[in-house]
Amino acid sequence: MSLFDGLEIFGLSGIKGENLFEDPVEKRKKEKTVQEVKQIHEEDLLFEKNFECPVCDKKFKQWVVRGNKARLVGSDKDLRPHHEHIDSTKYDVVFCNRCGYAALMRYYGPLAKPHRDLLKENIYSKFKPMAEPGMKLSYEDALIRYKMALYNAMCRQAKSSEKAYICLKTGWIYRGMQEQLGEDVPADAPERKELLEKEEESLKNALEGLLIARETETPPIAGMNLTTLDYLLAVLCVRFGRLEDAMKLLQELIRSTSASNAQKEKARDLVLEIRQKMKEKE
């Protein structure tokens, strides 16, 4: 006798019900096999998005990250995000290969006529289109786009916060390039040291620009509220030995009524780290 007796009327015959409840061990083995077969690649997390250049009016497509598919798994102290299977930072610059206009996704949009005129005069009139990269951007491709975004921001006299944010993310690109070298390349290898120096130069510029923005601009600054910005500034200050500046920022953050408990806990952890560094310097 079968659990499915009677379903023959639907043309479903010979159904076996012996394995109604699958062995859990065997089930896990099958699931693991399926996961191994369905490996996720960087290209699987991208899609083509339509853009229109605010300088030359060209309509074009660019590969961007699917935000609902790229799973965030953590972040560095300076807020660089880590996603599974992809470095999302590589894809954050929108770039027109006709006129050379480039900007971070956050800032991409209509431009005032004086800004368009500045970009046409300084970039479009001289720009030579480059070979289009493939769907998957290399770090080298991404770096060129970030440099173009920074030059565009400088030419159109963008806010300090925008230029600083580009510098911050450029530093993240250099960090990604170092990670790509792998553990086989020692810390004192010339190529690794050069990339680290360039990362530090970018982050120093980011720190300088964000400090100016904090004094001259109204939050949110580069999409950050004041508590997030202060934590980032403190992290960068610690990196470059400005421990007293970092301590002031963190103490203000801890006293803030708008900071979350999680932000205050991270700030307290960083305060302990700073105190330890100060003791070591004595």
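This is a predicted model: local features need pLDDT of at least 70, side-chain atom pairs count only at pLDDT 80 or more; totals for chains, interfaces and linings use all residues.
Student: Why is Glu 199 called buried?

Tutor: Buried means under 20% relative accessible area. Glu 199 has 2% relative accessibility, so it counts as buried.

Student: Where does Glu 199 lie, and what is it in contact with?

Tutor: Glu 199 lies in helix H5, residues 190-216. Leaving aside neighbours within four places in sequence, Glu 199 is in contact with Gly 171, Tyr 174, Arg 175, Gln 178 and Arg 239.

Student: OK, on to the pockets. How do you know where empty space is left?

Tutor: You roll a probe the size of a water molecule over the atoms, and that shows it. In this model, the largest pocket holds about 380 Å³ of space.

Student: Which residues lie nearest the centre of the largest pocket?

Tutor: Pro 81, His 83, Ser 88, Tyr 165 and Lys 169, out of 15 lining residues. Strand E4 (81-83) and helix H4 (160-181) each give two or more residues to that lining, and H4 gives the most, with three.

Student: What classes of residue make up the lining of the largest pocket?

Tutor: Seven are nonpolar, five polar and three charged.

Student: And how many residues line the second largest pocket?

Tutor: There are 16, with Lys 61, Gln 62, Trp 63, Glu 132 and Arg 145 closest to its centre. Strand E2 (residues 59-65) supplies the largest share of that lining, four residues. By class, the lining has eight nonpolar, three polar and five charged residues.

Methods
Residues are numbered from 1 along each chain as its sequence is written. Side-chain values use heavy atoms; hydrogens and water are left out. On a 1 Å grid over the protein atoms alone, a cavity is a set of points where a 1.4 Å probe fits but cannot get out, and a pocket is an open set with protein on both sides within 12 Å along at least five of seven lines; lining residues have an atom within 4 Å of a point. Grid points are joined across faces, edges and corners, and a volume is the space filled by probe spheres set on the points. Ala, Val, Leu, Ile, Met, Phe, Trp, Tyr, Cys and Pro count as nonpolar, Asp, Glu, Lys and Arg as charged, and the others, Gly among them, as polar. Buried means under 20% relative accessible area, exposed over 50%, partly exposed in between (1.4 Å probe, protein chains only). Contact means heavy atoms within 4.5 Å.
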